[in-house]
Amino acid sequence: MGEQRASLLNRELNIHSLYDLLYYFPYKYIDRSRVFKVSELGSQLQHVQLIGEIRSFEEMGEGVSRRLVAHFTDGTAFVDLVWFRGLKFVKNRLKLNTRYVVFGKPSMFNGRVNIAHPDVDDASLLKLDNMGLQPYYNTTEKMKRSGLNSNAMAKLVQNLFGLLNKEIEETLSPDIIRKHGLMSLDDALHIIHFPKNSKELQLAQYRLKFEELFFIQLNILHYAKDRQKRYVGHRFAKVGDMFNRFYHENLPFELTGAQKRVVKEIRADVNGNSQMNRLIQGDVGSGKTLVALLSMLLAKDNGYQACMLAPTEILSEQHYATLRRMLGNLPVRVELLTGSTRQKDRLPILEALENGDVDILVGTHAVLEDNVQFRNLGLAVIDEQHRFGVVQRAKMWAKNNIPPHVLVMTATPIPRTLAMTLYGDLDVSVIDELPPGRKPITTNHIFRSRSDGMYSFIKKQLEAGRQAYVVYPLIKENEKLDLKNLEDGYNQLCNIFCDYRLGKLHGKMKPKEKDEEMRRFAQGETQILVSTTVIEVGVDVPNASVMVIENAERFGLSQLHQLRGRVGRGASQSYCLLVTDYKLSEDTRKRMEIMTSSNDGFEIAEADLKLRGPGDMEGTQQSGIAFDLKIANLARDEQLLQFVREVARGVVEADPECCNPMYRVVWERLRMIKNMRNWNWGAIS
Ligand code: ADP
Ligand code: MG
């Protein structure tokens with residue numbers, strides 16, 4: 001192709017090589033083996049194919065609506081074929097009373113069915129039996145303007161196949177192909193672009209999805225195995241004084257069944273020979289902090305230090321306060337280190353850390369990247385994982401010769417498929433039980449025009465001694481406008497709630513001011529906290545019973561659920577009120593429906609995955625793993641993913657040293673994918 005087209009493909013579709021083009025798959029196919037009757041047409045049909053003749057031409061309209069109309073019939077009825085461009089060219093090319101195959105998308109115009117800019121081919125030249133399914137490629141506006149539309153893409157791919165003079169080499173080993181009845185890669189790639197029928201298309205899709213998911217899983221599992229081999233773990237063999245005293249004397253309540261189970265799993269991990277890498281998923285309020293604390297006490301009992309990382313300063317401080325409070329007068333030294341820890345407080349902490357006097361260090365990850373040295377870090381707890389990628393975890397390991405056990409906690413429940421892909425190298429524990437006595441949060445969707453009723457409702461809650469959050473969206477691109485909305489909202493609320501004390505919190509404030517606001521709210525000095533999503537993660541004010549989310553349409557499901565989780569932490573009934581405009585997109589309506597009908601974080605996460613696709617899921621971007629899956633779909637292909645994972649596991653188990661000739665193609669392929677420019681699972685390598 002010419003340079004201009006090539007550079008369009010570069011820029012618009014990130015296609016830089018024949019290989020990229022080969023793996024640029026159609027997004028849909030249209031069956032061109034079927035011929036419709038003109039009498040069957042309505043505007044509801046997608047693309048159709050007709051066979052018949054043009055009886056007459058007519059030129060009509062002026063200026064932009066100037067058009068050429070061909071009256072076309074197959075004997076059952078007439079349909080208008082319409083061209084707005086290239087009138088002369090079309091009229092010269094097409095003949096009356098000649099059999100043509102017409103292909104296009106019908107629409108209604110002035111009560112008549114017409115087809116604008118159809119493909120018209122001489123019926124004697126077109127063999128319909130060979131046409132099969134016609135591929136459709138996504139192209140951009142820019143490409144279309146340069147004539148690089150779906151058809152042109154199909155031609156390029158056709159040319160590409162013409163250039164290949166031998167079969168495309170197989171990437172899966174013969175035993176896998178045989179055992180799972182897979183189509184060869186060569187066939188699959190041909191068929192995915194130009195299928196003859198939907199049956200062979202399905203087989204090709206299956207093969208390519210299988211392959212795509214297989215190599216992701218192989219990569220993760222191979223990596224996990226390797227790590228297991230390379231790193232011996234610190235052994236926490238005993239359950240000692242601190243754990244027992246805390247458990248029997250300090251704990252004000254029973255652990256839930258789920259908490260007990262997870263603590264057991266952790267104990268088994270740290271008592272083995274390898275390094276623990278465990279992800280704890282638990283819905284907001286399920287009591288992850290306590291599980292973390294118990295694990296850190298195990299570390300202490302075995303002579304190790306522990307640290308706990310949180311993504312924000314507010315959250316670190318809260319963890320710090322919680323741990324101190326829970327530990328009471330047990331002789332466990334906890335310190336806090338964040339970006340705003342003053343220099344003169346910092347040095348003694350660093351010293352104590354290095355000589356082993358500090359048992360537990362709480363902080364943000366920024367701090368750990370500095371020259372913070374532990375004497376013997378045995379366990380790292382990372383809270384709210386989705387802000388930390390695999391890369392950061394790896395940094396943690398570099399802190400010692402023997403890497404610490406790693407416990408990752410996330411309150412964003414991640415659908416299984418995504419977890420397996422993102423954190424496939426982690427073992428997963430689930431806390432699927434809330435502490436007893438929690439009342440499910442009541443969620444309502446409210447139109448802004450009706451917010452008066454909402455305000456009187458909030459007043460009643462405040463009169464009963466409760467507190468409320470009012471959250472506004474804050475998005476980077478829109479920051480100025482959003483901050484103004486927050487300010488306006490705040491002022492308006494100050495008028496409405498003039499008898500009450502309001503606080504204001506947003507990310508632009510200095511850490512100190514933020515803290516002060518947060519503290520005032522936590523201690524009940526303010527009753528309404530007007531805020532951006534900085535309160536999203538982890539903040540715990542049990543007395544707050546109302547969460548109002550303004551412009552709820554601008555939040556994703558997971559984020560809404562996170563925000564909602566800020567209430568319902570005390571004993572009283574809590575409410576979440578989602579405020580939106582009256583006019584809503586279909587998508588927003590669905591989100592509101594899911595939120596008002598479900599309190600289950602996993603259900604919501606699944607729904608979110610289906611609505612948005614994994615590329616947009618919270619966490620996937622920050623994780624450093626982009627999800628440009630070419631054909632598999634994590635929302636739809638869960639079963640296949642699980643199946644393929646086992647196949648990949650089989651290979652890793654059978655050939656741990658990657659030297660069995662049988663699997664050579666597989667390992668070579670993995671190496672090749674990892675070296676490719678577009679490989680972005682590279683975080684794990
Ligand atoms: P999250 O999983 O969201 O981090 P937290 O650890 O903050 O949850 O716990 C939420 C609240 O529940 C805290 O106030 C905590 O003290 C309390 N909690 C934790 N475990 C239990 C339990 N087993 N029984 C009663 N309350 C608990
Ligand atoms: Mg938490």
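Tutor: Welcome! In this predicted model, local features need pLDDT of at least 70 and side-chain atom pairs count only at pLDDT 80 or more, while totals for chains, interfaces and linings use all residues. Residues are numbered from 1 along each chain as its sequence is written, and side-chain values use heavy atoms, with hydrogens and water left out.

Student: Why is Asn 114 called buried?

Tutor: Buried means under 20% relative accessible area, exposed over 50%, and partly exposed in between, with a 1.4 Å probe and protein chains only. Asn 114 has 10%, so Asn 114 counts as buried.

Student: What is Asn 114 in contact with, leaving aside its neighbours within four places in sequence?

Tutor: Among them are Val 79, Asp 80 and Phe 109; contact means heavy atoms within 4.5 Å.

Student: What makes strand 17 and strand 19 edge strands?

Tutor: Two strands pair if DSSP finds at least two bridges between them. The open sheet has 6 strands in the order 17-22-21-18-20-19, with parallel pairing. Strand 17 (442–447) and strand 19 (502–505) each have a single partner strand, so one side of each is left without a neighbour in the sheet.

Student: How do you know that strand 18 and strand 21 pair?

Tutor: DSSP must find at least two bridges, and 5 bridges join strand 18 (residues 467–471) to strand 21 (residues 544–549). The two strands run parallel, and Ala 468 stands opposite Val 546 in strand 21.

Technical notes:
Chains lettered and ligands numbered in written order. Helix = DSSP H or I, 4+ residues; strand = E, 2+ residues; numbered from the N terminus.
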